[in-house]
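Have a go at each one before you read its solution.

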Amino acid sequence: MRSSKKLTDHISLSHGVSVALQGLWRPAPPGKTQSHELQAREVTIIGTTDSERYPIQKKFQTAEFLRSIPHLRLRLPLQALLARMRSESEFLLAQHFRDRGFLRVQPPIVTSSDCEGAGEVFSLATTSRIPGQYDEKAHGGPTFFRKPKFLTVSSQLHLEAYMQEHSKVWAFSPTFRAERSDTSRHVSEFWMVEVEMRTPSLEEIMDVAEDMIKSLVQGLRQSPFLDELVVAKRLKEKPHAEESVEDKESILSRWNMLEEKSWPRITYTQAMQLLQATVSSGESKFVYYPSWGAGLQLEHERYIASKVGLGQPVFVTDYPQTIKPFYMLPSVTDHDDGAAGRRTAACFDLLLPEVCEVVGGSLREHRLEELELSMQTPDSELTLSGSSGGAENEKPAAPVNGGGDLDWYVDLRRFGSVPHGGFGLGFDRLLCYLTGIRNIKDVVPWPRFHGRCDC
């Protein structure tokens with residue numbers, strides 16, 4: 001319904017009404033915070049609303065409530081800004097990789113890799129029971145593809161197939177994890193930037209990851225997003241935010257630290273020595289004692305990012321083989337100080353201050369016999385790169401007795417292969433860090449997490 005009114009007429013506007021304004025766009029008077037203002041002369045009501053039922057009101061509303069109405073939350077200034085930042089970031093990433101000779105590819109969302117034993121994948125089932133295609137005992141639902149299939153937890157394995165022909169490839173696509181974690185760092189559907197390339201050097205892969213993030217920040221800096229972000233967060237807090245507003249200087253400091261000199265790199269063993277020395281000296285106490293062979297806990301990652309990075313990201317390399325996936329290539333030199341049985345993998349995690357792990361990568365085992373042996377090891381584990389926000393550190397069990405549904409993956413070595421590696425970046429976690437938003441559920445436009453999948 002359209003209704004045009006002159007500003008001299010009586011106009012009744014309520015929160016949520018859609019209007020078209022006609023007037024003059026002029027510089028704002030001195031003392032105003034904005035540069036320009038619209039001096040409206042006529043208002044046309046395009047879409048009315050029931051103001052009493054409209055969920056978004058001019059009062060304090062919790063982040064939890066706003067997450068339950070994502071279709072309307074998108075109208076808030078901060079969410080609108082995040083949508084524009086996502087769009088610009090995807091353009092900048094595509095431009096960055098194209099300029100460096102990478103081919104963008106489109107990996108599948110539905111996969112045959114079931115990650116047996118993990119219990120953290122979403123399986124597919126049709127809504128109708130087709131005769132001969134319903135295997136209730138094995139799958140609990142229709143098997144449209146004859147065998148159970150799943151939503152991808154990573155594009156890594158398929159990127160390796162592309163890499164054999166195209167040398168350097170990348171993808172930006174959604175991934176899914178059926179984790180029951182209800183933390184500020186986890187969601188069940190998130191976006192990953194994944195890269196695969198021919199190289200025998202882990203250092204080169206880390207260089208590519210560092211260059212990618214620095215290039216993205218430099219591109220975003222040339223846009224008005226930084227200023228808009230501070231304003232949007234201030235508007236969000238009045239009245240819609242729980243979190244405190246970071247000023248421009250605080251956010252700018254984060255961006256500056258990402259662009260500065262090369263980021264520090266330490267081995268897992270060096271990180272463990274640092275953590276253990278900290279405990280021994282009484283400087284810090286951890287809930288989980290740092291012991292060689294165990295994964296780094298969040299409290300450990302935060303300490304490393306703070307003490308080693310000093311505001312910059314930190315690469316931690318060469319984790320123990322026993323806690324990493326079967327497809328990772330062993331380190332050329334074990335970083336174990338000569339201790340027996342301490343074999344390491346040629347891999348890395350990138351830790352950001354506060355957000356912690358945001359990128360994970362490795363060299364891949366490209367030799368057929370070694371890969372088959374690794375897949376047949378009883379305690380070998382399979383990870384498809386990417387936790388719900390992040391990197392290559394989730395460890396479902398590896399298939400035994402041959403490749404099973406991963407026979408096609410073995411074929412990539414059986415029929416010729418080359419040294420290669422890659423990484424996965426949790427894009428939503430990076431966006432959290434760049435914007436200073438503490439909860440990933442407030443960065444993801446349509447947050448899906450355990451117990452919630454609205455709209």
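**Exercise 1.** Is Glu189 buried, partly exposed or exposed?

*Solution.* Keep in mind that you're looking at a predicted model. Start with the relative accessibility of Glu189, which is 25%. Buried means under 20% and exposed means over 50%. Glu189 therefore counts as partly exposed.

**Exercise 2.** Find the salt-bridge partner of Glu189 and work out how the pair sits in the chain.

*Solution.* The partner is Arg448, with the closest N and O atoms 3.4 Å apart.

**Exercise 3.** Which parts of the chain does the bridge between Arg73 and Asp442 tie together?

*Solution.* First, the contact: these two side chains meet in a salt bridge at 3.5 Å, N to O. Arg73 belongs to helix α2 (residues 70–73) and Asp442 to the segment after α12 (427–435), so the bridge joins parts 369 residues apart in sequence. Both Arg73 and Asp442 are buried.

**Exercise 4.** Now step back: how many salt bridges does a search of the whole structure find?

*Solution.* The search turns up 24. Some residues link up in a network of salt bridges: Glu203, Asp207, Glu210, Lys214 and Arg265.

Note on methods:
Residues numbered from 1 in each chain as written. Predicted model: local features only at pLDDT ≥ 70, side-chain atom pairs only at ≥ 80, totals over all residues. Heavy atoms only, no water. Salt bridge = Lys/Arg side-chain N within 4 Å of Asp/Glu carboxyl O. Helix = DSSP H or I, 4+ residues; strand = E, 2+ residues; numbered from the N terminus. Buried < 20%, exposed > 50% of the residue type's maximum accessible area, 1.4 Å probe, protein only.
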